[in-house]
Amino acid sequence: MKNIKLKLGDVIHSYNGEHDDHVVQLCNLLLINKRGSYSQIEGFYCDVCKKAYAKNLQYLKRKFSNYQYDSPSEHLEFNEKGYSLKGKFITRLSDLNISGHDFRDIIALVPILTLNGEIISKRIPALLCESCYRFYILETEIKSLERCGKILCRVVTEEYWNSNDIKNAKFNLKSESILYQMGYNVNSQINLRYWERQRILLNVISNGILTKGEVLSHIDYLIKRSEDRIVLSKAVRKWKADRQFVANIDLDLQSYKVEEIRIRRHNV
(Lines give C-alpha, C1' and ligand atoms only; values in the text may rest on other atoms or scores of the structure.)
Protein backbone atom coordinates (compact mmCIF):
# COMPACT_ATOMS: atom_id res chain seq x y z
CA MET A 1 0.00 0.00 0.00
CA LYS A 2 1.33 3.45 -0.93
CA ASN A 3 2.54 5.82 1.81
CA ILE A 4 1.63 9.51 1.39
CA LYS A 5 3.55 12.02 3.49
CA LEU A 6 1.65 15.11 4.63
CA LYS A 7 3.34 18.15 6.13
CA LEU A 8 1.84 20.54 8.66
CA GLY A 9 -0.61 22.81 6.85
CA ASP A 10 -1.38 20.33 4.07
CA VAL A 11 -5.05 19.85 3.23
CA ILE A 12 -6.92 16.63 3.99
CA HIS A 13 -10.20 16.26 2.12
CA SER A 14 -13.28 14.38 3.24
CA TYR A 15 -13.72 10.97 1.60
CA ASN A 16 -17.33 9.92 1.04
CA GLY A 17 -17.13 7.52 -1.92
CA GLU A 18 -18.38 10.03 -4.53
CA HIS A 19 -15.14 10.68 -6.43
CA ASP A 20 -16.51 9.43 -9.76
CA ASP A 21 -13.99 11.19 -11.99
CA HIS A 22 -10.78 9.79 -10.50
CA VAL A 23 -9.56 6.49 -9.12
CA VAL A 24 -9.00 7.20 -5.44
CA GLN A 25 -6.63 4.54 -4.06
CA LEU A 26 -6.48 3.25 -0.49
CA CYS A 27 -3.20 4.33 1.14
CA ASN A 28 -1.43 5.17 4.38
CA LEU A 29 -1.37 8.87 5.26
CA LEU A 30 1.74 9.79 7.24
CA LEU A 31 0.98 12.95 9.25
CA ILE A 32 4.39 14.49 9.98
CA ASN A 33 4.61 16.65 13.11
CA LYS A 34 6.97 19.46 14.13
CA ARG A 35 9.56 17.03 15.47
CA GLY A 36 9.75 15.15 12.16
CA SER A 37 8.07 11.99 13.46
CA TYR A 38 4.68 10.97 12.12
CA SER A 39 1.35 9.35 12.89
CA GLN A 40 -0.05 6.86 10.40
CA ILE A 41 -3.75 6.72 9.50
CA GLU A 42 -5.68 4.93 6.79
CA GLY A 43 -6.68 7.23 3.95
CA PHE A 44 -7.05 7.63 0.20
CA TYR A 45 -5.06 9.41 -2.47
CA CYS A 46 -5.77 10.53 -6.03
CA ASP A 47 -2.74 10.53 -8.34
CA VAL A 48 -4.60 12.75 -10.83
CA CYS A 49 -5.63 15.67 -8.62
CA LYS A 50 -2.87 15.03 -6.01
CA LYS A 51 -5.31 15.19 -3.10
CA ALA A 52 -5.35 13.21 0.13
CA TYR A 53 -8.65 11.99 1.56
CA ALA A 54 -9.69 10.55 4.90
CA LYS A 55 -12.86 9.52 6.68
CA ASN A 56 -14.18 11.03 9.92
CA LEU A 57 -12.61 14.49 9.64
CA GLN A 58 -14.26 15.57 12.89
CA TYR A 59 -12.04 13.13 14.80
CA LEU A 60 -8.93 14.14 12.85
CA LYS A 61 -9.57 17.83 13.47
CA ARG A 62 -9.55 17.20 17.22
CA LYS A 63 -6.45 14.97 17.21
CA PHE A 64 -4.37 16.65 14.45
CA SER A 65 -5.33 20.31 14.68
CA ASN A 66 -2.32 21.65 12.74
CA TYR A 67 -3.59 20.34 9.42
CA GLN A 68 -6.19 21.90 7.15
CA TYR A 69 -9.44 20.05 6.48
CA ASP A 70 -11.80 20.51 3.56
CA SER A 71 -15.16 19.13 4.62
CA PRO A 72 -18.26 19.18 2.38
CA SER A 73 -20.29 20.32 5.38
CA GLU A 74 -18.47 23.64 5.24
CA HIS A 75 -19.79 24.22 1.73
CA LEU A 76 -23.44 23.26 2.29
CA GLU A 77 -25.89 25.96 1.29
CA PHE A 78 -27.72 27.13 4.40
CA ASN A 79 -30.08 29.99 5.10
CA GLU A 80 -32.49 30.78 7.89
CA LYS A 81 -35.00 28.29 6.44
CA GLY A 82 -32.70 25.28 6.20
CA TYR A 83 -30.24 23.41 3.99
CA SER A 84 -30.74 23.65 0.24
CA LEU A 85 -30.66 20.25 -1.46
CA LYS A 86 -30.55 21.81 -4.92
CA GLY A 87 -28.50 19.48 -7.10
CA LYS A 88 -27.64 17.12 -4.23
CA PHE A 89 -28.39 13.49 -3.30
CA ILE A 90 -31.28 12.41 -1.14
CA THR A 91 -30.81 9.02 0.52
CA ARG A 92 -34.15 7.45 1.40
CA LEU A 93 -34.45 5.51 4.66
CA SER A 94 -37.15 3.07 5.67
CA ASP A 95 -36.07 3.32 9.33
CA LEU A 96 -33.20 4.52 11.51
CA ASN A 97 -31.70 1.13 12.38
CA ILE A 98 -28.45 2.02 10.60
CA SER A 99 -25.06 1.96 12.28
CA GLY A 100 -21.99 3.97 11.40
CA HIS A 101 -23.72 7.34 11.04
CA ASP A 102 -23.61 10.47 13.18
CA PHE A 103 -27.03 11.96 12.44
CA ARG A 104 -28.36 15.37 13.38
CA ASP A 105 -31.80 16.79 12.66
CA ILE A 106 -32.08 19.49 10.00
CA ILE A 107 -34.69 21.14 7.81
CA ALA A 108 -34.05 20.39 4.14
CA LEU A 109 -35.22 22.57 1.25
CA VAL A 110 -36.06 20.15 -1.55
CA PRO A 111 -36.66 21.48 -5.09
CA ILE A 112 -39.96 20.23 -6.55
CA LEU A 113 -41.34 20.59 -10.07
CA THR A 114 -45.05 21.11 -9.45
CA LEU A 115 -47.90 20.03 -11.72
CA ASN A 116 -48.30 23.60 -13.03
CA GLY A 117 -44.64 23.83 -14.05
CA GLU A 118 -43.25 25.85 -11.14
CA ILE A 119 -40.08 24.92 -9.28
CA ILE A 120 -40.57 25.40 -5.55
CA SER A 121 -38.58 24.51 -2.42
CA LYS A 122 -40.40 22.28 0.06
CA ARG A 123 -39.33 22.41 3.70
CA ILE A 124 -39.12 18.93 5.15
CA PRO A 125 -37.55 17.31 8.23
CA ALA A 126 -34.38 15.42 7.31
CA LEU A 127 -31.10 14.15 8.68
CA LEU A 128 -27.51 15.16 7.98
CA CYS A 129 -24.77 12.66 8.76
CA GLU A 130 -21.74 14.41 10.24
CA SER A 131 -19.52 11.46 9.27
CA CYS A 132 -20.33 11.05 5.57
CA TYR A 133 -21.96 14.48 4.94
CA ARG A 134 -25.00 13.06 3.18
CA PHE A 135 -28.66 13.91 3.49
CA TYR A 136 -31.12 11.24 4.61
CA ILE A 137 -34.92 11.43 4.51
CA LEU A 138 -37.42 8.90 5.82
CA GLU A 139 -39.58 7.05 3.32
CA THR A 140 -42.77 8.69 4.64
CA GLU A 141 -41.35 12.14 3.90
CA ILE A 142 -40.30 11.04 0.40
CA LYS A 143 -43.87 9.92 -0.30
CA SER A 144 -45.09 13.32 0.89
CA LEU A 145 -42.71 15.07 -1.51
CA GLU A 146 -43.76 12.86 -4.43
CA ARG A 147 -47.38 13.92 -3.92
CA CYS A 148 -46.31 17.54 -4.51
CA GLY A 149 -44.64 16.85 -7.87
CA LYS A 150 -41.31 15.69 -9.27
CA ILE A 151 -38.34 15.72 -6.89
CA LEU A 152 -35.45 17.52 -8.62
CA CYS A 153 -32.69 15.72 -6.72
CA ARG A 154 -30.95 12.41 -7.15
CA VAL A 155 -32.94 10.03 -4.95
CA VAL A 156 -31.21 6.78 -3.98
CA THR A 157 -31.51 4.12 -1.30
CA GLU A 158 -29.04 3.39 1.49
CA GLU A 159 -27.84 0.33 -0.49
CA TYR A 160 -26.67 2.61 -3.31
CA TRP A 161 -23.63 3.79 -1.34
CA ASN A 162 -22.40 0.21 -0.96
CA SER A 163 -22.95 -0.67 -4.61
CA ASN A 164 -20.05 -1.39 -6.96
CA ASP A 165 -21.88 0.69 -9.58
CA ILE A 166 -21.28 3.95 -7.72
CA LYS A 167 -17.85 4.43 -9.36
CA ASN A 168 -19.55 4.40 -12.76
CA ALA A 169 -22.65 6.30 -11.65
CA LYS A 170 -22.31 9.07 -14.22
CA PHE A 171 -22.68 6.71 -17.15
CA ASN A 172 -24.47 3.63 -15.91
CA LEU A 173 -27.68 3.16 -17.88
CA LYS A 174 -29.55 1.02 -15.37
CA SER A 175 -32.43 2.06 -13.11
CA GLU A 176 -30.09 4.19 -10.98
CA SER A 177 -28.73 6.35 -13.78
CA ILE A 178 -28.59 10.02 -12.94
CA LEU A 179 -31.35 11.11 -15.32
CA TYR A 180 -33.61 8.35 -14.00
CA GLN A 181 -32.89 9.39 -10.42
CA MET A 182 -33.77 12.97 -11.30
CA GLY A 183 -37.17 11.87 -12.61
CA TYR A 184 -36.50 11.91 -16.37
CA ASN A 185 -38.46 9.19 -18.16
CA VAL A 186 -40.18 8.72 -21.53
CA ASN A 187 -42.20 5.69 -20.43
CA SER A 188 -45.81 6.04 -21.66
CA GLN A 189 -47.15 4.59 -18.41
CA ILE A 190 -45.48 7.34 -16.41
CA ASN A 191 -46.58 9.80 -19.12
CA LEU A 192 -44.50 12.85 -18.29
CA ARG A 193 -45.51 15.82 -20.42
CA TYR A 194 -42.88 17.28 -22.71
CA TRP A 195 -42.38 20.38 -20.58
CA GLU A 196 -41.94 18.25 -17.44
CA ARG A 197 -39.20 16.17 -19.10
CA GLN A 198 -37.47 19.27 -20.43
CA ARG A 199 -37.63 21.18 -17.14
CA ILE A 200 -35.97 18.17 -15.48
CA LEU A 201 -33.21 18.15 -18.12
CA LEU A 202 -32.69 21.90 -17.74
CA ASN A 203 -32.46 21.50 -13.96
CA VAL A 204 -29.86 18.72 -14.30
CA ILE A 205 -27.68 20.87 -16.54
CA SER A 206 -28.11 24.25 -14.82
CA ASN A 207 -27.25 22.75 -11.42
CA GLY A 208 -24.09 21.11 -12.74
CA ILE A 209 -25.28 17.56 -12.03
CA LEU A 210 -24.42 16.62 -15.63
CA THR A 211 -22.96 18.76 -18.37
CA LYS A 212 -24.95 19.61 -21.46
CA GLY A 213 -22.59 17.37 -23.46
CA GLU A 214 -23.13 14.43 -21.10
CA VAL A 215 -26.92 14.75 -21.41
CA LEU A 216 -26.71 14.97 -25.22
CA SER A 217 -24.40 11.95 -25.32
CA HIS A 218 -26.74 9.95 -23.11
CA ILE A 219 -29.79 10.77 -25.23
CA ASP A 220 -27.83 10.02 -28.43
CA TYR A 221 -27.03 6.59 -27.01
CA LEU A 222 -30.68 5.93 -26.16
CA ILE A 223 -31.80 6.96 -29.66
CA LYS A 224 -29.13 4.92 -31.43
CA ARG A 225 -29.91 1.86 -29.31
CA SER A 226 -33.66 2.03 -29.91
CA GLU A 227 -34.44 3.72 -33.25
CA ASP A 228 -34.80 0.41 -35.15
CA ARG A 229 -37.31 -1.01 -32.67
CA ILE A 230 -40.92 -0.29 -33.66
CA VAL A 231 -42.20 -0.74 -30.11
CA LEU A 232 -39.96 2.13 -29.00
CA SER A 233 -40.88 4.56 -31.79
CA LYS A 234 -42.81 6.86 -29.41
CA ALA A 235 -39.90 6.90 -26.97
CA VAL A 236 -37.48 7.74 -29.79
CA ARG A 237 -39.66 10.68 -30.88
CA LYS A 238 -39.62 12.00 -27.32
CA TRP A 239 -35.85 11.58 -27.03
CA LYS A 240 -35.30 13.41 -30.31
CA ALA A 241 -37.53 16.29 -29.19
CA ASP A 242 -35.74 16.45 -25.84
CA ARG A 243 -32.36 16.31 -27.54
CA GLN A 244 -33.28 19.30 -29.69
CA PHE A 245 -34.40 21.17 -26.57
CA VAL A 246 -31.10 20.44 -24.78
CA ALA A 247 -29.04 21.36 -27.84
CA ASN A 248 -30.74 24.78 -27.91
CA ILE A 249 -30.09 25.58 -24.24
CA ASP A 250 -27.95 28.73 -24.11
CA LEU A 251 -25.33 28.38 -21.39
CA ASP A 252 -23.43 31.58 -22.28
CA LEU A 253 -20.23 29.59 -22.73
CA GLN A 254 -16.81 30.94 -23.63
CA SER A 255 -15.85 30.28 -27.26
CA TYR A 256 -12.53 28.87 -28.45
CA LYS A 257 -11.03 29.00 -31.92
CA VAL A 258 -10.22 25.51 -33.22
CA GLU A 259 -6.97 25.29 -35.16
CA GLU A 260 -6.81 21.53 -35.65
CA ILE A 261 -9.03 18.44 -35.29
CA ARG A 262 -7.40 15.07 -34.72
CA ILE A 263 -9.40 11.87 -35.15
CA ARG A 264 -8.31 8.86 -33.14
CA ARG A 265 -8.72 5.71 -35.19
CA HIS A 266 -8.78 2.30 -33.55
CA ASN A 267 -7.36 -0.89 -35.05
CA VAL A 268 -5.57 0.93 -37.89
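Predicted model: local features only at pLDDT ≥ 70, side-chain atom pairs only at ≥ 80, totals over all residues.
Local features require pLDDT of at least 70 and side-chain atom pairs pLDDT 80 or more, whereas totals for chains, interfaces and linings use all residues. Residues are numbered from 1 along each chain as its sequence is written, and side-chain values use heavy atoms, with hydrogens and water left out.

Helices (H or I, at least four residues) and strands (E, at least two) are DSSP runs, numbered from the N terminus. Six strands make up an open sheet of mixed pairing. Their order is S1-S3-S4-S5-S2-S6. Two strands are taken to pair if DSSP finds at least two bridges between them. Strand S1 (3–6) and strand S6 (68–70) form the edges, each pairing on one side only. From one strand to the next, the twist averages 45°. S1 runs parallel to strand S3 (residues 24–32), and four bridges join the two. Lysine 5 has leucine 30 of S3 as its bridge partner.

The largest nonpolar core contains 24 residues. Such a core is a set of buried Ala, Val, Leu, Ile, Met, Phe, Trp, Tyr and Cys residues joined through side-chain atoms within 4.5 Å. Buried means under 20% relative accessible area, exposed over 50%, and partly exposed in between (1.4 Å probe, protein chains only). Tyr184, Ile200, Leu201, Val204, Val215, Trp239 and Val246 have the most contacts inside this core. Helix H3 (178–181), helix H4 (194–206), helix H5 (212–226) and helix H6 (233–247) each give two or more residues to it. H5 provides the largest share, five residues. Valine 246 is in contact (heavy atoms within 4.5 Å) with Leu201, Ile205, Lys212, Val215 and Leu216, leaving aside neighbours within four places in sequence. A second, separate core has 17 residues, among them Ile106, Ile112, Ala126 and Ile137.

Side chains of opposite charge can pair when their charged atoms come close. The model holds seven salt bridges, each defined as a side-chain nitrogen of Lys or Arg within 4 Å of a carboxyl oxygen of Asp or Glu. One of them joins arginine 92 to glutamate 139 at 2.6 Å, N to O. This pair links distant parts of the chain, 47 residues apart: arginine 92 lies in strand S9 and glutamate 139 in helix H2 (residues 139–148). Strand S9 spans residues 89–93. Glutamate 139 has 24% relative accessibility and so counts as partly exposed. Arg92 and Glu139 also belong to a network of salt bridges with Lys143 and Glu146. Not counting residues up to four places away in sequence, arginine 92 touches Ile137, Glu139, Ile142, Lys143, Glu146, Val155, Val156, Thr157 and Glu158.

Two further salt bridges involve other arginines. Aspartate 242 pairs with arginine 197, with the closest N and O atoms 2.7 Å apart. Aspartate 242 is buried, at 0% relative accessibility. Arginine 197 is buried too, at 5%. Arginine 193 forms a salt bridge with glutamate 196, the closest N and O atoms lying 3.6 Å apart. Arginine 193 is partly exposed, with 41% relative accessibility, whereas glutamate 196 is buried at 7%.

Terms used: Axes fitted to C-alpha atoms, helices over the stretch in contact; angles between N-to-C directions.
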